[in-house]
Amino acid sequence: METVRALPRWRSLRWKIALLVTVACCAVAVTVGLLVHRSTLERSMNDGAAKAVSQLSGAVEDYERDGVPPDGLVVAPGEMPDELLRRLQDRRGRAAGSATWYDGDSPGDHPSMWAARTLHGAPVAVSADMTSDLLTRRALDRHMWKYSLAALAVVVPLSALAAELPIRRLRRVARTARRIDGGDLAARTAAGGRGGDEITEISATVDSMADSLRERLLTEQRFTADVAHELRTPLMGLVTASGLLPEDETTDLVRDRVGVLRTLVEELLEISRLDAGAERAELRPVPLAEMVAESVARTGLDTRFTATDARSAQTDPRRLDRIVANLVVNAHRHGRTPVEVEVAGTTVTVRDHGPGYSAELLADGPQRFRTGASERGRGHGLGLTIALGQARVIGASLEFANAPGGGALATLRLPAAG
């Protein structure tokens, strides 16, 4: 079925190969045809000239013996072609003493081969009919074209089918590359060691690239997790120590910065668990409107909440609360009010009225420690990354877009209960 679907793709490599084979076959057919036609024509002219000269010799002998021109012997110069007379004039005085000329312009497709010589100072000539030779050559030309077209009708489809194997291998490499680009670093071409050609080399290179990318990503994830774990112990000491400081403006500033650092470390630990696949959802039916309203209220931020035809969703309440809270906080931090949260069916949308998401985020998705455009404000870029990771854990889809009227729009779609 994949091969059939690929047939209409006229710009595909399959049709380029078929076109190349067609051009090559046509070039070979035309070259061979011209060579055969020219060789056959030259042989025909030589045979015709020899035949005409032989007839002329016999006719001259009869003429000298009987004194009467035999049938076929032309003795009147006015009945001879002018070109034949010119050629005979050019040859006068030479040992050959004769000239030949092919008259292919005779009416009715009846060409003739003329042979002439001088006899007692006057030209004599005969003409040999070349009609059968002309018909033979035309038949040969027709046969060459007919069989060349028949060969093309067979060779071109066979070349397109023969190109299927390498093209199929290239498609497999392309699919694997797309999967790797989509984040599936476990994808491999499974080319093995067969072939030993350029496609096998490309496949091995793609697999090696995936191995390298996966190793680097795992190294990065391990580093993030190790740093977060190492920072957690001294951070707890800082939190405890900040709680013992006397109440003043400096203490409030220290506690605020320690709180930011604590949030960052907790988010890094959460991301490391998501990267390691250690998170497991505890799914159960949840009244979506009530759950989202509580999550919005717990943020303590001024947010408009509406619900339309809300239904129950099969989800993990704790992780859903984390997703909604992160989206609302991100909208307030990087966008502009009013921030609106709407529940419709089992879909939750969070919209602000700021500058919207950057083109980079819309194309590649949220990236840790990358907030996108500068007008979205400063931050660590972890909130949306965590929200997307938690959405995958609970089996929901989270999409980011810019609203038609302006502002960032996050859409969370959850599976319905039951």
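Reply: Aspartate 309 counts as exposed, at 64% relative accessibility; here exposed denotes over 50% relative accessible area, buried under 20%, and partly exposed the range in between, with a 1.4 Å probe and protein chains only. The model is a predicted one, in which local features need pLDDT of at least 70 and side-chain atom pairs count only at pLDDT 80 or more, while totals for chains, interfaces and linings use all residues. Residues are numbered from 1 along each chain as its sequence is written, and side-chain values use heavy atoms, with hydrogens and water left out.

Aspartate 309 sits in the loop between strand 5 (303–308) and strand 6 (312–315). Strands (E, at least two residues) and helices (H or I, at least four) are DSSP runs numbered from the N terminus. The phi of aspartate 309 is near 55°, a positive value in a residue other than glycine. Most residues other than glycine have a negative phi, and most peptide bonds are trans.

Histidine 120 belongs to the loop between strand 2 and strand 3, and with a relative accessible area of 74% it is exposed.

Arginine 304 and glutamate 340 form a salt bridge through their side chains, at 3.5 Å from N to O; the term requires a side-chain nitrogen of Lys or Arg within 4 Å of a carboxyl oxygen of Asp or Glu. This pair joins distant parts of the chain, as arginine 304 is in strand 5 and glutamate 340 in strand 7, 36 residues apart. Glutamate 340 is partly exposed, at a relative accessible area of 27%. The structure holds 11 salt bridges. Among them is the one between arginine 86 and glutamate 83, at 2.8 Å from N to O; these two residues are three apart in helix 3 (residues 82–91), which means a separation of about one helical turn. Another joins arginine 137 to aspartate 133 at 3.0 Å, N to O, and arginine 137 counts as buried at 9% relative accessibility. Asp62, Arg65 and Asp66 are linked in a network of salt bridges.

A cis peptide bond, with omega about 0°, joins threonine 337 to proline 338. Helix 9 itself has 18 residues and spans 26 Å from its first C-alpha to its last, close to the 26 Å expected at 1.5 Å a residue; that expectation is 1.5 Å times one less than the number of residues. Of its 18 residues, 13 are buried, and helix 9 is mostly covered. At the start of helix 9, a side-chain oxygen of aspartate 316 comes to within 3.1 Å of the backbone nitrogen of arginine 318.

Further along, valine 348 lies in strand 8 (residues 347–351) and is buried, at 2% relative accessibility. Leaving aside residues up to four places away in sequence, valine 348 touches several residues, including Leu288, Val292, Val341, Ala410 and Leu412, where contact means heavy atoms within 4.5 Å. The C-alpha atoms of valine 348 and leucine 412 are 5.0 Å apart, although 64 residues separate the two along the chain.

Leucine 412 belongs to strand 10, where it stands opposite leucine 398. Strand 9 (residues 397–402) and strand 10 (residues 408–413) run antiparallel and are joined by six bridges; two strands pair if DSSP finds at least two bridges between them. Five residues lie between the strands of this hairpin, and glycine 406 takes a positive phi near 105° there.

Elsewhere, an open sheet of three strands has the order 1-2-3 with antiparallel pairing. Its edge strands, strand 1 (98–103) and strand 3 (122–129), each pair on one side only. The twist from one strand to the next averages 20°, with axes fitted as lines to C-alpha atoms, for helices over the stretch in contact, and angles taken from 0 to 180 degrees between N-to-C directions. Strand 1 pairs with strand 2 (residues 112–119) over six bridges, and alanine 99 stands opposite alanine 116 in strand 2. Helix 2 (residues 13–66) lies across strand 1, strand 2 and strand 3 and runs at about 40° to strand 2.

Terms used
Polar contact = N/O pair within 3.5 Å; in protein donor to acceptor, adjacent residues only side chain to side chain.
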